[in-house]
Amino acid sequence: MISFLPFQIGGATLFCLSLWTLVDRNFMNELLDTNLFSGAVYVLLVTSMTICVLSFVGCVGASKEVKCLLLTYFIVVVLIFVTMLIGGILGFVFRERVQQTMRQVRKLRSSMSLYGSRRDVTEAWDQTQERLQCCGVDSWHDWNRLIPESCCQEIFGGQRKECTLFPAVTNLHSQGCLYVTTSFIRDHAAIIGGTAITVAIIMIFGMIFSCLLFTMIE
């Protein structure tokens with residue numbers, strides 16, 4: 001039914017945002033010593049899938065006038081509503097504390113000593129520096145002049161400027177990866193948190209509608 005359509009669209013939107021965040025930035029996981037952000041995104045991913053399935057159950061219950069399905073729909077919606085609301089609020093709280101949290105992360109700096117000797121760490125640093133256009137933790141000086149090629153600015157077609165021998169702000173990424181990563185997480189936490197709260201508000205109308213249908217069915 002049309003009344004359940006906004007509910008399903010909201011769940012699908014949240015699912016796409018969560019999936020994009022995980023797929024597009026999964027290369028950063030090796031460098032971070034906290035799973036708070038990725039864990040929260042996984043929870044929202046599963047919850048959004050549940051919302052899509054639940055909206056279908058609500059449609060069936062409303063069209064067939066099955067009170068048992070509508071009651072099940074209402075109870076599960078209430079539980080998901082509380083989860084989404086808390087998750088959205090925590091997203092904004094985490095957004096404000098992310099820089100302080102990441103400043104306490106030692107793995108990001110200590111992993112630099114493993115660059116070149118461990119393939120997973122090397123690939124994680126290269127992908128992070130290439131895709132986020134950053135270098136080192138706070139700046140390229142963190143590499144102690146052993147600058148990876150992934151720090152060099154790209155010219156075109158995958159070709160890069162030479163920056164490993166004579167590093168300078170004109171031929172390499174000057175921003176540190178801590179700042180860029182923090183900005184990314186803050187921005188995405190705000191987007192996902194805002195979407196979660198919006199979907200939670202939409203769910204209120206879903207609960208009201210299911211209650212009205214439940215009382216109307218004899």
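Analyst: A disulfide is taken here as a pair of cysteine sulfur atoms within 2.5 Å. The model is predicted, with local features needing pLDDT of at least 70 and side-chain atom pairs counting only at pLDDT 80 or more, while totals for chains, interfaces and linings use all residues. Residues are numbered from 1 along each chain as its sequence is written, and side-chain values use heavy atoms, leaving out hydrogens and water.

User: What makes cysteine 134 and cysteine 177 a disulfide?

Analyst: The sulfur atoms of cysteine 134 and cysteine 177 are 2.1 Å apart, and the rule asks for a pair within 2.5 Å, so the pair qualifies. The link is right-handed, with 90° about the S-S bond. Cysteine 134 lies in the loop between α5 (119-132) and β1 (154-156), and cysteine 177 in helix α6 (residues 177-216), 43 residues apart; helices (H or I, at least four residues) and strands (E, at least two) are DSSP runs, numbered from the N terminus.

User: Why is cysteine 177 called buried?

Analyst: Buried means under 20% relative accessible area, exposed over 50%, and partly exposed in between, using a 1.4 Å probe and protein chains only. Cysteine 177 has 1% relative accessibility and therefore counts as buried.

User: Why is the disulfide of cysteine 135 and cysteine 151 called right-handed?

Analyst: The torsion about the S-S bond of cysteine 135 and cysteine 151 is about 90°, so this disulfide is right-handed. By contrast, the link of cysteine 152 and cysteine 163, with -85° about the S-S bond, is left-handed.
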